[in-house]
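These are my notebook entries on a single structure. I set down what I looked up, entry by entry.

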Amino acid sequence: MSAFEIALISGMALITFGIRYGLFAVGHRVHFNPLVSRALTYVPVAVLSAIIAPAMLMPGDGGWQLTWHNAYLLGGLAAMLIAALTRNLLATIFGSMLVFFLWRWLLG
């Protein structure tokens, strides 16, 4: 690794640490209004949806795959159904992974 790469990575780490530390250092003094606080509760769901939806709907080469051959889509739909019916995180994870792997095995 060159000195430039080390300096670049160190600079990125310093900037990332500074931004995060700044928020933690003054976080106890900052108070949001109730509307903003309520809106911030949806951030994890939005971020996870933005990560998972493209992987589910466009696996592999990046094209839309809305067919029954898409094990990612079927596993995701199974996860939604199991989560809605059971409200159990472990059942959702194990059930959807079971559907995913069984479907991949059946499709060969």
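Entry 1, Leu23. Is Leu23 buried or exposed? I worked from a predicted model throughout. Leu23 has a relative accessibility of 62%, and it therefore counts as exposed, the cut-off being over 50%. I located Leu23 in helix α1. I then took a C-alpha to C-alpha distance from Leu23 to Trp64: the two are 39 Å apart in space and 41 residues apart in sequence.

I searched the whole structure for aromatic pairs and found 4. Phe17 and Tyr21 make up a stacked pair, with 5.7 Å from centre to centre and 15° between the planes. The angle is under 30 degrees, so the pair is classed as stacked. I asked how Phe17 and Tyr21 are placed in helix α1. They are 4 residues apart in this helix, which covers residues 3-26, and so about one helical turn separates them. As a general point, an α-helix has 3.6 residues a turn, so residues three or four places apart point the same way. I also looked up accessibility here: Phe17 and Tyr21 are exposed.

I next noted the pair of Phe100 and Phe101, which is edge-to-face, at 5.1 Å centre to centre and 70° between the planes. An angle over 60 degrees is the reason for that class. Phe100 has 11% relative accessibility and therefore counts as buried, the limit being under 20%. Ring pairs also join Phe100 and Phe101 with Tyr72 in a cluster.

What volume does the largest pocket have? I recorded about 340 Å³. Its lining comprises 13 residues, of which Ile52, Met56, Gly75, Gly76 and Ala79 are the closest to the centre. I listed the elements that give two or more residues to this lining: α3 (43-57), α4 (71-86) and α5 (89-107). Which of the elements gives the most to the lining? That is α4, with 7 residues. By residue class, I have 10 nonpolar and 3 polar residues in the lining of the largest pocket, and no charged ones.

I checked the length of α4 against expectation. Its 16 residues, at 1.5 Å a residue, should span 22 Å, and the end C-alpha atoms are 22 Å apart, so the two values agree. Which residues of α4 are buried? I noted Ala71, Leu73, Gly75, Gly76, Ala78, Ala79 and Ile82. The cover over the buried residues of α4 includes α3 and α5.

I found Arg87 in the loop between α4 and α5. Its phi is positive, about 55°, although Arg87 is not a glycine. In general, most residues other than glycine have a negative phi. Arg87 has 77% relative accessibility and so counts as exposed.

Where is Tyr42 found? I placed Tyr42 in the loop between α2 (34-40) and α3. With a relative accessible area of 53%, Tyr42 is exposed, because the cut-off is over 50%. From Tyr42 to Arg29, 13 residues apart along the chain, I recorded a C-alpha separation of 22 Å.

I located Met97 in helix α5. Is Met97 buried, partly exposed or exposed? At 38% relative accessibility, Met97 lies between the limits of 20% and 50% and so counts as partly exposed. The C-alpha atoms of Met97 and Ile82 are separated by 11 Å, the two residues being 15 apart along the chain.

Key: Residues are numbered from 1 along each chain as its sequence is written. This is a predicted model: local features need pLDDT of at least 70, side-chain atom pairs count only at pLDDT 80 or more; totals for chains, interfaces and linings use all residues. Side-chain values use heavy atoms; hydrogens and water are left out. Rings of Phe, Tyr and Trp (its six-membered ring) pair if their centres lie within 6.5 Å; planes under 30 degrees apart count as stacked, over 60 as edge-to-face and the rest as tilted. Buried means under 20% relative accessible area, exposed over 50%, partly exposed in between (1.4 Å probe, protein chains only). On a 1 Å grid over the protein atoms alone, a cavity is a set of points where a 1.4 Å probe fits but cannot get out, and a pocket is an open set with protein on both sides within 12 Å along at least five of seven lines; lining residues have an atom within 4 Å of a point. Grid points are joined across faces, edges and corners, and a volume is the space filled by probe spheres set on the points. Ala, Val, Leu, Ile, Met, Phe, Trp, Tyr, Cys and Pro count as nonpolar, Asp, Glu, Lys and Arg as charged, and the others, Gly among them, as polar. The expected span of a helix is 1.5 Å times one less than its number of residues. Contact means heavy atoms within 4.5 Å.
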